[in-house]
Amino acid sequence: MNQYDTNNIFARILRGEIPCHKLHEDLKTLAFLDVMPQADGHSLIIPKAPSRNLLSADPGELAAIMVTVQQISRAVMSAFGAGGVLIQQFNEATAGQTVFHTHFHVIPRHEGQPLRPHTGQMADQQVLKAHAEKIRQALAAQ
Ligand code: AMP
């Protein structure tokens, strides 16, 4: 089994060493915007407990993660008027994983609108800031 690197970028976000556009935080999970969104509102949900991916995550953490995935999914649907939401989760580089701390992607979808590439272009920080605010408002209205 591959090891957990305590200096991966999401571990550093959890320690507050690098910033993120935070959407939600509770005892067990953190949600924030993906900086290279495949669609506007593309969000990431991570457990606070360290694990490399779903294969090595503590089963006891999974329910809390999925509750946050559900809350963020509802919020992005409402904030962006999406027709649907895509949940993605990659395990190991062979499957497309690039950051080795367990995370779920929540991506709003609109009919006929193709996704931008995975880990494509960095979004404008001001745009991300505005999108995060919209999602936080939708979360507050839930
Ligand atoms: P994955 O390929 O599933 O490991 O995806 C990692 C995701 O993290 C990608 O969609 C990246 O765009 C995103 N990402 C990388 N660095 C950051 C960061 N500092 N803040 C937010 N998202 C990031």
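This is a predicted model: local features need pLDDT of at least 70, side-chain atom pairs count only at pLDDT 80 or more; totals for chains, interfaces and linings use all residues.

Colleague: What is the distance between the end C-alpha atoms of H2, and what span should its residues give?

Modeller: H2 has 21 residues, and at 1.5 Å a residue these should span 30 Å.

Colleague: Which residue follows H2, and what is its phi?

Modeller: The helix runs over residues 59–79. The residue that follows H2 has a positive phi, near 55°, and that residue is Gly81.

Colleague: Which residues of H2 are buried, and what covers them?

Modeller: A residue is called buried when its relative accessible area is under 20%. In H2 that group is made up of Glu61, Ile65, Thr68, Val69, Ile72, Ser73, Ala75, Val76 and Ala79. The cover over these buried residues includes the strands S1, S2, S3, S4 (84–88) and S5 (104–109), together with the helix H3.

Colleague: How far apart in sequence are the parts that the pair of Phe10 and Phe32 ties together, and is Phe32 buried or exposed?

Modeller: Phe32 has a relative accessibility of 2% and therefore counts as buried, and Phe10, at 7%, counts as buried too. Phe10 lies in helix H1 whereas Phe32 lies in strand S2 (residues 29–33), so the pair ties together parts whose separation in sequence is 22 residues.

Colleague: Where is His21 found, and with which side chain does it make a polar contact?

Modeller: His21 is found in the loop between helix H1 (9–14) and strand S1 (22–25), and because its relative accessibility is 15%, it counts as buried. Leaving aside residues up to four places away in sequence, His21 touches Ala31, Phe32, Leu33, Gln125, Leu128, Lys129 and Ala132. Among these neighbours, the one whose side chain is joined to that of His21 by a polar contact, of 2.7 Å, is Gln125.

Colleague: Is Ser51 buried or exposed, and which side chain does it meet in a polar contact?

Modeller: Ser51 is found in the loop between S3 and H2, and its relative accessible area of 7% is the reason it is called buried. Beyond residues up to four places away in sequence, Ser51 touches Tyr4, Ser56, Ala57, Phe100, His101 and Thr102. The polar contact of the Ser51 side chain, at 2.5 Å, is with the side chain of Thr102.

Colleague: How many salt bridges does the structure hold, and how many residues apart are Glu25 and Lys48?

Modeller: The structure holds 8 salt bridges, and in one of them the side chains of Glu25 and Lys48 meet at 2.8 Å, N to O. This pair links distant parts of the chain, with Glu25 in strand S1 and Lys48 in the loop between strand S3 (43–47) and helix H2, and the two are 23 residues apart.

Colleague: With which residue does Arg136 form a salt bridge, and how many residues apart do the two lie?

Modeller: The partner of Arg136 is Glu133, and their closest N and O atoms are 2.9 Å apart. Arg136 counts as partly exposed at 33% relative accessibility, as does Glu133 at 35%. Both lie in helix H3 (residues 125–140), about one turn of the helix from each other, which is a separation of 3 residues.

Colleague: Over the face of which residue does Lys134 lie?

Modeller: A charge is taken to sit over a ring only when it is within 6 Å of the ring centre. Lys134 lies at 4.7 Å from the centre of the ring in question, which belongs to Phe80.

Conventions: Residues are numbered from 1 along each chain as its sequence is written. Side-chain values use heavy atoms; hydrogens and water are left out. Helices (H or I, at least four residues) and strands (E, at least two) are DSSP runs, numbered from the N terminus. Buried means under 20% relative accessible area, exposed over 50%, partly exposed in between (1.4 Å probe, protein chains only). A polar contact is a pair of N or O atoms within 3.5 Å; within protein, one must be able to donate a hydrogen and the other to accept it, and residues adjacent in sequence count only if both atoms are side-chain atoms. Contact means heavy atoms within 4.5 Å. A salt bridge is a side-chain nitrogen of Lys or Arg within 4 Å of a carboxyl oxygen of Asp or Glu. A charge sits over a ring if NZ of Lys or CZ of Arg is within 6 Å of the ring centre and within 35 degrees of the ring normal. The expected span of a helix is 1.5 Å times one less than its number of residues.
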